[in-house]
Amino acid sequence: MDVARVRQDFPILEREVHGKPLVYLDNAATSQTPLAVIEAFDDYYRRINANIHRGLHTLADEATAAYEGSREIVRDFLNAAETREIIFTRGTTEALNLVAQSWGRANLGPGDEVLISNLEHHSNIVPWQLLAAERGFIIKVIPVDERGVLDMDAYRDLLGERTRLVAVNHVSNALGTINPVQEMARLAHEHGALILIDGAQAAPHLEIDVQAIGADFYAFSGHKVYGPTGVGVLYGRADLLEAMPPWQGGGEMIATVSFDVPTTFAAIPHKFEAGTPAVAEVIALGCAIRWIHEIGLKHISAWEERLLEHATEGVSNIEGLRILGTSPDKAGVLSFVVEGAHSQDIGLLIDQLGVAIRTGHHCAQPLLHRFGVEATCRASFAAYNTPEEVDIFVEALQRVIGMLR
Ligand SMILES: *Cc1c(COP(=O)(O)O)cnc(C)c1O
């Protein structure tokens, strides 16, 4: 992979922060956008802006074709069987809430159990808590070991005939742990349960095949795969989506509306896309995925693995630094705490040196509590990061820790 060439696609990487060249290592929160994506917005609003699926005029046709073209690009990206299994949402959070509010509300009640893991992002915890308070089902939590690896024996023990759904992330945003989702899906299905996979951190790093995994639902966000904010994806198996009730009502999702006879709904995926969607964002997401294909996800993940190794090595010499998340299967995330230096202070001071990392609970408070901490520092890598940037980060970190101690 020619990283210099990759970097040319990202104008934001040329900017400075506090008079220093930007070193952007907060990719697990949001990745930067290549020119192809930025230009997609410009082109859309200059040439084809129109509402989709409604008009018969040329612009409406072109906008609809581009929007539906993105659906096919996403289908291919996930290797879903059919384009109607791809639903556009505002992001992973909305996709997970859609499953909870539609499938969950229709299928979960007292005595039922939903298994989530200790690794989950709040967006795969809270929607289930909200619904459980209303529907009276039970949430059980799959524990993790000291490395941040899911305890598969505990998972097997937790699975039972009351388990209706397993909801887990593919890759942990706080630790980088890659979960064995294919094996987890097989075990869930053996017990008659469905599996929902939060792929927000997997989609930028791993080749995903929802059919090979055996995923019933799979969610990811545009802004973490070099695409824009405001758009995400829910993949759902067609037979499941067809049986699920709508979760939001409005335009686009109906077949006929009447005051006299029951209103009827559109076929999937439109049944789940009420109202005018984020047309430009969906089209731009298609461009982002095309960009990923051009570079090659295999090359990207191999490159990120090198960066992670280099960074892990670099920080391992720092006295009092403890890495959280030491799974042998790990994606480009380096989470750590430092004795005698608050994460927040490290984040603020290292920003003064031009380095952007994340500090805080990473929307995974139950996980951090498991490790006895309230916050960590997290550096996370993308295709455009370089070993030189990792060196700058490690040096800056050493300087900042020296100032704080
Ligand atoms: C970022 C993230 C989410 C939430 O995604 P949004 O884009 O904020 O909706 C959910 N799960 C994981 C693992 C994430 O990293």
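This is a predicted model: local features need pLDDT of at least 70, side-chain atom pairs count only at pLDDT 80 or more; totals for chains, interfaces and linings use all residues.
Residues are numbered from 1 along each chain as its sequence is written, and side-chain values use heavy atoms, with hydrogens and water left out.

So, strand S17. Strands here are DSSP runs of E, at least two residues, numbered from the N terminus. Strand S16 (residues 358–360) pairs with S17 in the antiparallel sense over 3 bridges; pairing takes at least two DSSP bridges. Strand S14 (residues 333–338) also runs antiparallel to S17, joined by 4 bridges, and there leucine 334 has alanine 379 as its bridge partner.

How many of the residues of S17 are buried? For S17 (residues 376–380), 5 of 5, with buried meaning under 20% relative accessible area (1.4 Å probe, protein chains only). In a regular strand, side chains alternate between the two faces of the sheet. Here Thr376, Arg378 and Ser380 point one way, and Cys377 and Ala379 the other.

Now, over to the ligand. Residues around it, with a heavy atom within 4 Å, include Thr92, His121, Asp198, His223 and Lys224. A polar side-chain atom of histidine 223 lies 2.7 Å from a ligand oxygen atom, and one of lysine 224 lies 2.8 Å from a ligand oxygen atom. The protein covers 86% of the 380 Å² of accessible area that the ligand has on its own, by the Shrake-Rupley method with a 1.4 Å probe. Thanks, everyone!

Key:
Buried means under 20% relative accessible area, exposed over 50%, partly exposed in between (1.4 Å probe, protein chains only). A polar contact is a pair of N or O atoms within 3.5 Å; within protein, one must be able to donate a hydrogen and the other to accept it, and residues adjacent in sequence count only if both atoms are side-chain atoms.
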